[in-house]
Amino acid sequence: MKNLLFNLFFLSFTAFLVFCFNSCNKSGGNEILIGEYASLTGSEATFGQSSHNGLELAIEEINKNGGILGRQLKLITEDNQGKPSETQTVVQKLINRDKVIAVIGEVASSRSKAGAPICQSSKIPMITPASTNPEVTSIGDYIFRICFIDPFQATVMSKFALNSMKVKKVAVLIDQKNAYSTGLADNFRKVFTEMGGEIVEEQKYSAGDKDFKAQLTAIKAKNPEAIFIPGYYTDVNLISIQAREIGLTCPLFGSDGWESEKLTEGKAKDALEGCFFSTHVSADDPSPIVQNFIKKYQEKYKSKPDAMAFLAYDAGLILSEAIKRAGDTNGEKIKNELGKIKDFQGVTGLITINDQRNAVKPAVVLEIKDGKFVYKETIAP
Ligand code: PHE
């Protein structure tokens, strides 16, 4: 009898230990676990590094101020190497193994589109700080973004081309396997021609190509007044140099994917002089909110924040706010609170999440001068 009682006691004690261990594992001790997937390496490494820094800064500040729901936040970051397939692997790991309660990622739309379905089917809220392709958030009701979308960005650059650059005959160069690039080109074609512009030539490339001379030569033959390139900085750097080499002298213009300090590296500094791109925020903005963020960021990272750093910082703040309002780490409750975010003051401006789980915000256009990005104008939605 004594033995039996002892055994029973021993068994229930073990069960209790297992239970504790499991629930600790789920909640990461007392910490709230937040997942992040980013391209820390690969051909768009500055996207991931910047957004990671911005997010890390937000989490650090929230923790210094006491955390959320009386608990500290813990960020678990995974590098997807800039690949959609690796994205699926790491997002699955964050959700199934690490048991994160929400996910922040990615910058590039194609990779957000790879990660989002996993978050959606696991009922884990995901916020992309910077993906602008509309299809990302239409994947489901757990997927949010805190930036504008590309139909707006295309309108911004159509208006800018016609009214500020005063160009009407434009060629378009498209990264054909990149959802962001093809989507933006489709929107631009539609809006620019509706506004009275003319597309004189369209050419395609694939990210990672090294030789763009054939496409650029075909474009040159049509004598455009400017070339719209909705692509990422690594390719645009090479494209700009080769355009000048074959004697194309017209301005090039593009979109937020250009934003990286690496855009103007080497000969591209001269090749891109006087060119323009649209993005989310300008470091020249004199508002104390923007300047204060730049100061904090520079103190910590010894470099200037770019748009992705600003946006990821805001994504961290908004997620924390939603967890706080939910009063709970339950995915469904957090998602409901994310949908109700209205006039939230971020470092990228006032953020309101609309019915499609997107943010409606102004865009800025920057001019490239001496390899630097200089504020040109703001275009409101
Ligand atoms: N908007 C781009 C995309 O959807 C990513 C990006 C955002 C790049 C901000 C630079 C700055 O792919």
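**Entry 1: the second largest cavity**

Which residues line the second largest cavity? I began with this point and found Glu36, Tyr37, Ala38, Ser51, Leu55, Ile104, Gly105, Glu106, Val107, Pro129 and Ala312. Before going further I recorded that this is a predicted model, in which local features need pLDDT of at least 70 and side-chain atom pairs count only at pLDDT 80 or more, while totals for chains, interfaces and linings use all residues. Residues are numbered from 1 along each chain as its sequence is written, and side-chain values use heavy atoms, with hydrogens and water left out.

I worked on a 1 Å grid over the protein atoms alone, where a cavity is a set of points at which a 1.4 Å probe fits but cannot get out, and lining residues have an atom within 4 Å of a point. A pocket, by contrast, is an open set with protein on both sides within 12 Å along at least five of seven lines. Volumes are the space filled by probe spheres set on the points, which are joined across faces, edges and corners.

The second largest cavity holds about 50 Å³ of space. I looked up which elements supply its lining; helices (H or I, at least four residues) and strands (E, at least two) are DSSP runs, numbered from the N terminus. Strand S1 (32–38) and helix H2 (45–64) each supply at least two residues, and S1 gives the largest share, three residues. By class I noted seven nonpolar, two polar and two charged residues. Here Ala, Val, Leu, Ile, Met, Phe, Trp, Tyr, Cys and Pro count as nonpolar, Asp, Glu, Lys and Arg as charged, and the others, Gly among them, as polar.

**Entry 2: the largest cavity**

I searched the whole structure and found three cavities of 30 Å³ or more. The largest cavity contains about 120 Å³ of space. Its lining has 16 residues, and Phe47, Val107, Ala130, Asp256 and Gly257 lie nearest the centre. Helix H11 (residues 307–326) gives the most to this lining, with three residues. I recorded nine nonpolar, six polar and one charged residue in the lining of the largest cavity.

**Entry 3: the domains**

I took the domain bounds from an automatic or database domain assignment. The chain is divided into domain 1 (32–148 + 286–362) and domain 2 (150–279). Their centres, taken over C-alpha atoms, are separated by 28 Å. The contact (heavy atoms within 4.5 Å) takes 19 residues from domain 1 and 18 residues from domain 2. Returning to the largest cavity, I noted that its lining draws at least three residues from each of domain 1 and domain 2.

How much space lies in the largest pocket? I recorded about 670 Å³. Of the 25 residues that line the largest pocket, Glu261, Lys304, Pro305, Asp306 and Phe373 are the closest to its centre. H2, H11 and strand S14 (372–379) each supply at least two residues of this lining, and the largest share, four residues, comes from H2. The lining of the largest pocket has eight nonpolar, nine polar and eight charged residues. It draws at least three residues from each of domain 1 and domain 2.

The second largest pocket has a volume of about 260 Å³. Among the 18 residues that line the second largest pocket, I found His280, Val281, Asp285, Thr348 and Gly349 closest to its centre. Helix H10 (288–301), strand S11 (344–346), strand S12 (349–351) and S14 each supply at least two residues of the lining. Its classes are eight nonpolar, eight polar and two charged.

**Entry 4: the nonpolar cores**

I then turned to the nonpolar cores, each a set of buried Ala, Val, Leu, Ile, Met, Phe, Trp, Tyr and Cys residues joined through side-chain atoms within 4.5 Å. Buried means under 20% relative accessible area, exposed over 50%, and partly exposed in between (1.4 Å probe, protein chains only).

The largest nonpolar core has 88 residues, of which Ile127, Phe188, Ile227, Ile229, Phe253 and Trp258 touch the most other members. H11 supplies the largest share of this core, nine residues. Domain 1 and domain 2 both give residues to this core, so it lies between them. A second, separate core of 17 residues includes Val91, Ile95, Met126 and Val136.

**Entry 5: Ile62**

Last, I looked up Ile62, which is found in helix H2. Ile62 is buried, with a relative accessible area of 11%. Not counting residues up to four places away in sequence, Ile62 touches Gly67, Ile68, Leu73, Gly316, Leu317 and Ser320.
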